[in-house]
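Subject: Structure for you to look through

Dear colleague,

Here is the structure I promised to hand over, and below it I have written down what was found. Please read the notes with the structure open beside them.

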Amino acid sequence: MNLGLNERVAVVTGGSSGIGLAAAKLLLADGAKVAICGRNADRLAAAKTELDAVRPGGTLASVCDVLDAAAVASFAREVGAWSGGRVDILVNNAGQGRMSTFASTTDAQWREELELKFFSQILPIRAFRSLLEASDAPAIVGVNSLLSIQPEAHMVCTSAARAGVQSLLKSLSIELAPRIRVNSVLLGLVDSGQWQRRFEARADKAQSREQWFAALAREKEIPMQRLGVPDEPARAIVFLGSPAASYITGASLEISGGVSRHI
Ligand code: NDP
């Protein structure tokens, strides 16, 4: 299937690691140009080197915190100048989850988590909207979590915020129709930067990486018996953002190895 990505322009927030980096690679391999952002300049530079190996000169990498409205607006201006005033696909991927129960979450942590989940969508969508309007097939893909519909008590504020983000994206799919499609992916557990950090912080340092991840998959009762790898959600993100998904909007695609319990 031809996804219609040749010479398209994509923006992937949090494109310097894990799922965002995998999506950027797939987009480049399919002929698109990609702008990525992240907060850490070293990680961003390393990602750009990897991406330039996929398609030389196809990537713009910029330091930008998606929670800083002025920085996001400046990133959008930079992308507009680089792309000739057009963006076809915006992937709002930047972020991370927070493990905490209601009892252990402070008000400041609640505010931080709600801000991260909502404004990592709101600010880029606002800043890139006019560039998206210049495309003949514009699309937004929000990277969200299965927690939005299947909350976990040990990730109470992430789950609540994720549910709100689903609502936001659904509303936007209506408000921005028929010009801009808006969809989301709902992830289960994907072996990427944040799980690597949790592995490194494991209590039992004798446990190998393989053992630790296998135990995690058993504990979470994942029917596919493993975590996903970044390429797996990345393929879904790229499809939903591509012109091949032209009649899909307001939808969410679950990539969880079957761990959801609803029908
Ligand atoms: P990684 O930690 O591997 O990548 C996260 C990326 O986001 C990095 O590039 C990071 O760069 C960037 N980032 C984080 N915060 C900001 C910010 N404020 N502004 C700009 N960039 C930022 O994690 P994943 O690939 O796993 O995560 C991708 C998305 O998927 C996240 O939103 C995550 O919450 C979500 N998700 C992941 C799941 C999983 O199991 N992996 C499950 C459910 C959802 P830097 O730190 O340099 O800013």
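In strand β6, the side chains of R181, N183, V185 and L187 point one way, whereas those of V182, S184 and L186 point the other way; helices (H or I, at least four residues) and strands (E, at least two) are DSSP runs, numbered from the N terminus. In a regular strand the side chains alternate between the two faces of the sheet. Because 7 of the 7 residues of β6 (residues 181-187) are buried, the strand is largely enclosed by the rest of the structure, where buried means under 20% relative accessible area, exposed over 50%, and partly exposed in between (1.4 Å probe, protein chains only).

Please keep in mind that this is a predicted model, in which local features need pLDDT of at least 70 and side-chain atom pairs count only at pLDDT 80 or more, while totals for chains, interfaces and linings use all residues. Residues are numbered from 1 along each chain as its sequence is written, and side-chain values use heavy atoms, with hydrogens and water left out.

Which strands pair with β6? Strand β5 (residues 139-145) runs parallel to β6 and is joined to it by 7 bridges, and I140 has V182 as its bridge partner. Strand β7 (residues 252-255) also pairs with β6 in the parallel sense, over 4 bridges, and here L186 is partnered by E254; two strands pair if DSSP finds at least two bridges between them.

Two backbone details may also interest you. Most residues other than glycine have a negative phi, and most peptide bonds are trans. A177 and P178, however, are joined by a cis peptide bond with omega about 0 degrees, and P178 is found in the loop between α5 and β6. Q225, which is not a glycine, has a positive phi of about 60 degrees, and Q225 counts as exposed because its relative accessibility is 66%.

Finally, the count comes to 5 aromatic pairs, where rings of Phe, Tyr and Trp (its six-membered ring) pair if their centres lie within 6.5 Å, and planes under 30 degrees apart count as stacked, over 60 as edge-to-face and the rest as tilted. One of them is the edge-to-face pair of F75 and F128, at 5.6 Å centre to centre with 80 degrees between the planes. F75 lies in helix α3 (residues 69-83) and F128 in helix α4 (residues 107-133), so this pair ties together parts that are 53 residues apart in sequence. Both F75 and F128 are buried.

Best wishes
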